[in-house]
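Let's take a walk through this protein chain together, from the overall layout down to single side chains. Keep the viewer open as you read.

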Amino acid sequence: LDMSADEKASYVAKLAGEFRILAEVGYKDGEKSERLSPSQWVESIEKDLGAGADHVILEARESGSSGICRPDGRLRIGLIEDILRSPVPTDRLIFEAPTKTLQAYFVDRLGPSVNLANIALAEVIGLETLRLGLRADTMAVAGA
């Protein structure tokens with residue numbers, strides 16, 4: 001459903017008094033997501049949180065090929081770093097991380113209590129071992 005960030009934020013504001021709102025930024029369409037600049041991502045996140053959203057989900061699709069990821073599955077590091085440098089509180093962000101690579105990146109970058117979503121049921125135990133620092137890709141996180 002196409003709507004501007006302002007229009008979406010107005011719906012969030014209308015409903016926030018009665019519901020717990022989880023807003024989402026980004027598109028399942030990889031090309032459309034790539035056209036959304038980092039400043040537009042940050043602005044949309046800030047508008048949704050300011051309107052009363054409890055958390056904002058950052059789109060990555062089940063395949064990890066859109067939103068915060070490039071169509072080939074690589075993470076858009078510049079975008080993520082711009083979001084993390086913004087005044088947006090990271091504990092109110094939920095990063096879709098359907099692949100082990102994305103999960104390891106976010107746990108390593110933001111710590112074991114980072115909010116992750118779009119985790120396949122078969123990956124839940126693996127993610128928990130990652131969070132606990134029991135996997136080689138996050139051994140440095142164990143002391144965090």
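## Overall layout

Please bear in mind that this is a predicted model. The chain has 6 helices and 4 strands, arranged along the sequence as α-β-α-α-β-α-β-α-β-α. Its radius of gyration is 15 Å, close to the 15 Å that the globule rule gives for 144 residues, so the chain is as compact as a globular protein of that length. Along the principal axes, the C-alpha atoms fill a box of roughly 45 × 35 × 30 Å.

Of the 144 residues, 42% are buried. Among contacts with a separation of 6 or more, 57% are between residues 24 or more positions apart. The chain exposes about 7700 Å², with carbon and sulfur atoms supplying 54% of that area. As for charge, there are 17 positive and 23 negative charges, and their mean positions are 2 Å apart.

## Helix α5 and its neighbours

Helix α5 spans residues 100-110, and its buried residues are Leu 102, Gln 103, Ala 104, Phe 106 and Val 107. What do these buried residues of α5 pack against? Their partners are α4 (77-85), β3 (93-96), β4 (116-117) and α6 (124-131). Just after α5 comes Gly 111, with a positive phi of about 100°.

## Leu 75, a buried loop residue

Leu 75 sits in the loop between β2 (55-58) and α4. Is Leu 75 buried or exposed? Its relative accessible area is 13%, so Leu 75 counts as buried. Leaving aside residues up to four places away in sequence, Leu 75 touches Ile 68, Cys 69, Ile 80, Leu 102, Tyr 105 and Phe 106. Two of these contacts, Leu 102 and Phe 106, are also among the buried residues of α5.

## Salt bridges

The chain has 10 salt bridges. In one of them, the side chains of Lys 32 and Asp 2 meet at 2.4 Å, N to O. Lys 32 lies in helix α2 (residues 30-35) and Asp 2 in the segment before α1 (5-15), so this pair ties together parts that are 30 residues apart in sequence. Lys 32 is partly exposed at 24% relative accessible area, while Asp 2 is exposed at 60%.

Another salt bridge joins Arg 109 and Glu 81, with the closest N and O atoms 2.8 Å apart. This pair links helix α5 with helix α4, the two residues being 28 apart. Arg 109 is partly exposed, at 37%, whereas Glu 81 is buried, at 16%. Elsewhere, salt bridges with shared partners join Asp 6, Glu 43 and Lys 47 into one network.

Conventions: Residues are numbered from 1 along each chain as its sequence is written. This is a predicted model: local features need pLDDT of at least 70, side-chain atom pairs count only at pLDDT 80 or more; totals for chains, interfaces and linings use all residues. Side-chain values use heavy atoms; hydrogens and water are left out. The radius of gyration is taken over C-alpha atoms; the globule rule is 2.2 Å times the number of residues to the power 0.38. Buried means under 20% relative accessible area, exposed over 50%, partly exposed in between (1.4 Å probe, protein chains only). Contact means heavy atoms within 4.5 Å. Accessible areas come from the Shrake-Rupley method with a 1.4 Å probe; for residues, only the protein chains shown count as cover. Lys and Arg count as positive and Asp and Glu as negative; His and the chain ends are not counted. The place of a charge is taken as NZ of Lys, CZ of Arg, CG of Asp or CD of Glu. A salt bridge is a side-chain nitrogen of Lys or Arg within 4 Å of a carboxyl oxygen of Asp or Glu.
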